[in-house]
Amino acid sequence: MASDLCSLCSFDTRSLTILNKKSSHDITFAALLISARYHCKFCVFLVRAVTSLWTDITEGINIRLRSTKDVDEAYTICTLEWRDGDYMNHHMISVYYLEDPSRPLKPYRAVPSSPASEQTWELVQKQLTECVTNHNKCRAVSESPRSQAKRYLRLDAQSSTLKLVDSSDVQVTEYAALSYCWGKCAGDDLLLATASTIGRLHSGIAVSDLPPALKDAVEVCFRLGLKFLWIDSLCILQDSPDDWREEAAKMADLYEGSLLTIIAASGSSVQESFLTHPRLPRPYLGDLERNGSGRVQVYARVSTEFGHHRVASSLLGGPQPIGVEPIDLRAWTLQERDLSVRTISYTSFEVQWACRTMRACECGRGRLDTMVQISHMLDDKDVMRTWYEVVKQYTSRSLSFDTDKLPAIAGLARRLAPYIQSRYIAGLWEQDILVGLCWAKTNHASSPSLTGRYPITYVAPSFSWASVSGVTIKEPHVGPSSQACCEVLRVHCSPASSDPYGEIKEGSYLDLCGALVPAALIIDEKEQDIYDIHIPSMKMYRGYYALYVDGPLESAGGDETMSYDTIHGRVRDVFSKLISEKTKHTGQEVGGVRRRKTQAEGDDAVATPFEQARAKFLPLFFNYDQDMNRAHMIGLVLGTISSEKGYYERVGLVMVEFHGSQKVGWPAALKELVWTAWKNNFTKLRIY
């Protein structure tokens, strides 16, 4: 009966659901405590869940109670959500029940307390056998001819030893591969494959000599009956650049050709064991008498958005729910996961299975991820969109070495190349190069450390997203009706090795022909760390500008620096006046602008911003929205790199939205602006 419902939580014991008319409503923790103290048993359960899993919560905190109508998960009664401070610090608890804990296949399943439990081993073995035996799609991919690694580890379960073997001497038909985080504090005394240790590895070592994560990987192989294992740190000579480049070029084949990839998702270092990693608590809250169908046991858990339960936004710059594992922050592991036919992931909450045919996990939840998985998107007609989504997810992760920027995504590029059918240009594709130039960095508060910098060591030409470190790159915003207003004349890009998808030689460039328009980057008078752009030849048009500066800049004529951010603001005529007034009063010519290169994040912690600098604006695309009577333009901001005329580097991107009026007819006015007003600015230029 409705009158029997608790006025605070609205829990119905007959259906085990929240019967509030709204799918969610807010309550204070203080009110929840009062309700639990005096009359509502389910409020008692909610208090137990909150106090067990949110130890730092206070009585004044507002909690959002969300019903299963909104959650849409079987056996979940409700979720409790709390945002600590700003929107990005999102905490969530799921309250769920088990109808019969003795029936492990009934959702939710009771997750074992240890990743090394017999129940977990049975799940892994069952899924592997099922896939190898019955999944034709998976078998067809894994059995396709492909390159082999130069070396593998041969495992001996009886003596608990392993030995490095050359593939030229031993036929390796089935092997496992390991995906893991090495970690910043792994230790200098750990065994690596080098010129001085390869003899010892060939002779054989005890499994006990390995660090915990590698030792666990061997144990997984022992339990599954696998005799060979591939681990990069022990199979690639770490002190040989040539050996590293040769084997790195095989990454697509190595992971796609493995029988199984073991993912040590929960560990941030090779020194952390994933088989003994403590799992998140799942407190028992009590029993409920379900009318007509016996008793059920009620549990709570921190919302486990781990692995394939996580939605895409958590990796692509959106809200970060609890559940981003260390493995999800490492750039190399993206392609290691996506290229693999079969993976077994040891997350902080459970073990998860994924293959090209199905997914399974210990908890048995129904809703799985919407993350970008390249193997699931190759049927998409717009393959370029798939690539830009991959780049977005990839650049949200970190690298220990700037020079790995292209090699760590090379396997995915090679996998997509037959579908794109175009030459690969340092992270871009020649057939779509103009659209590819329209990348821009994101500026989400969820990733405060990703502030962007230009490495001193050459990685890629400035027109490529790979030339910027520490930022998430969002996909180009170029609509299907956009018209190009720039022409590609030549693309020069030379690989540093035989791998066209790996590192490239310094000196790559792009020759274009377009309207190179004078512009100025100027500091905002009120906000000293905000910069805007002024394009004098466009001042007669009403427009809204979005300026994305790629990273730290400096004056081409001195050592003054400029702070940077994603800028939104209206064009102001005073900007052009500022430049002329400074030149008039000081007698100094306002200099150009260029990238400020740094060795590592934090090198530019103290910077003195300049007031203004000259730049160039290069329009790339424009389009007209007749229904909204608006036009849009997107183009590059270019800085100076040489006194020689015509040589530039990219420093940012500008998106402009023009508002139509009775005095201005579209698209004629925009066409006149590009092809008539700027006709004297059309020139050939080169971007390095």
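User: If buried means under 20% relative accessible area, exposed over 50%, and partly exposed in between (1.4 Å probe, protein chains only), how many residues of helix H11 (residues 332–339) are buried?

Analyst: Eight of the eight residues of H11 are buried, and the helix is mostly covered. This is a predicted model, in which local features need pLDDT of at least 70 and side-chain atom pairs count only at pLDDT 80 or more, while totals for chains, interfaces and linings use all residues. Residues are numbered from 1 along each chain as its sequence is written, and side-chain values use heavy atoms, with hydrogens and water left out. Helices (H or I, at least four residues) and strands (E, at least two) are DSSP runs, numbered from the N terminus.

User: Which residues of H11 are the buried ones?

Analyst: The buried residues are Trp332, Thr333, Leu334, Gln335, Glu336, Arg337, Asp338 and Leu339.

User: How do H11 and H14 cross?

Analyst: Their axes come within 7 Å and cross at roughly 30°, which makes H11 roughly parallel to H14. The axes are lines fitted to C-alpha atoms, for helices over the stretch in contact, with angles from 0 to 180 degrees between N-to-C directions. Angles under 35 degrees count as roughly parallel, over 145 as roughly antiparallel, 65 to 115 as roughly perpendicular, and the rest as oblique. The crossing of H11 past H14 is left-handed, a term for a near helix turned anticlockwise from the far one by less than a right angle, with clockwise being right-handed.

User: And which residues make that contact?

Analyst: From H11 the contact uses Trp332, Leu334, Gln335, Asp338 and Leu339, and from H14 it uses Pro407, Ala408, Ile409, Ala410, Gly411, Leu412 and Arg415, where contact means heavy atoms within 4.5 Å. By class, there are eight nonpolar, two polar and two charged residues in the contact of H11 with H14. Here Ala, Val, Leu, Ile, Met, Phe, Trp, Tyr, Cys and Pro count as nonpolar, Asp, Glu, Lys and Arg as charged, and the others, Gly among them, as polar.

User: Switching to H1 and H2, at what angle do they pack?

Analyst: Helix H1 (residues 29–38) and helix H2 (residues 41–53) pack at about 130°, with their axes 8 Å apart, and H1 and H2 are therefore oblique to each other. H1 also passes H2 in a left-handed crossing. On the H1 side, Phe29, Leu32, Leu33, Ser35 and Ala36 meet Cys43, Val44, Leu46, Val47, Val50 and Thr51 of H2. The residues of this contact of H1 with H2 divide into nine nonpolar, two polar and no charged.

User: OK, charges now. How many salt bridges does the count come to?

Analyst: The count comes to 23 salt bridges, each one being a side-chain nitrogen of Lys or Arg within 4 Å of a carboxyl oxygen of Asp or Glu. In one of them the side chains of Arg66 and Glu81 meet, at 2.5 Å from N to O. Arg66 lies in strand E4 (residues 62–67) and Glu81 in strand E5 (residues 76–83), so the pair ties together parts that are 15 residues apart in sequence.

User: Are those two buried or exposed?

Analyst: Arg66 counts as buried at 16% relative accessibility, and Glu81 is buried as well, with a relative accessible area of 7%.

User: What does Asp499 pair with?

Analyst: Asp499 forms a salt bridge with Arg414, and the closest N and O atoms are 2.4 Å apart. This pair links distant parts of the chain, 85 residues apart, with Asp499 in the loop between strand E25 (486–492) and strand E26 (509–515) and Arg414 in helix H14 (residues 407–420). Asp499 is buried at 7% relative accessible area, whereas Arg414 counts as partly exposed at 24%.

User: And where does Arg423 find its partner?

Analyst: Arg423 forms a salt bridge with Glu430, with the closest N and O atoms 3.1 Å apart; Arg423 is partly exposed at 36%, and Glu430 is partly exposed at 32%. Elsewhere, salt bridges that share partners join Arg146, Asp253, Glu256, Arg356 and Arg415 into one network.

User: Last one, the backbone: what phi does Gln421 have?

Analyst: Gln421 has a positive phi of about 55° although it is not a glycine; Gln421 lies in the loop between H14 and strand E19 (424–425) and is exposed at 67%. Ser10, not a glycine either, has a positive phi of about 60°, lies in the segment before strand E1 (11–12), and is buried at 9%.
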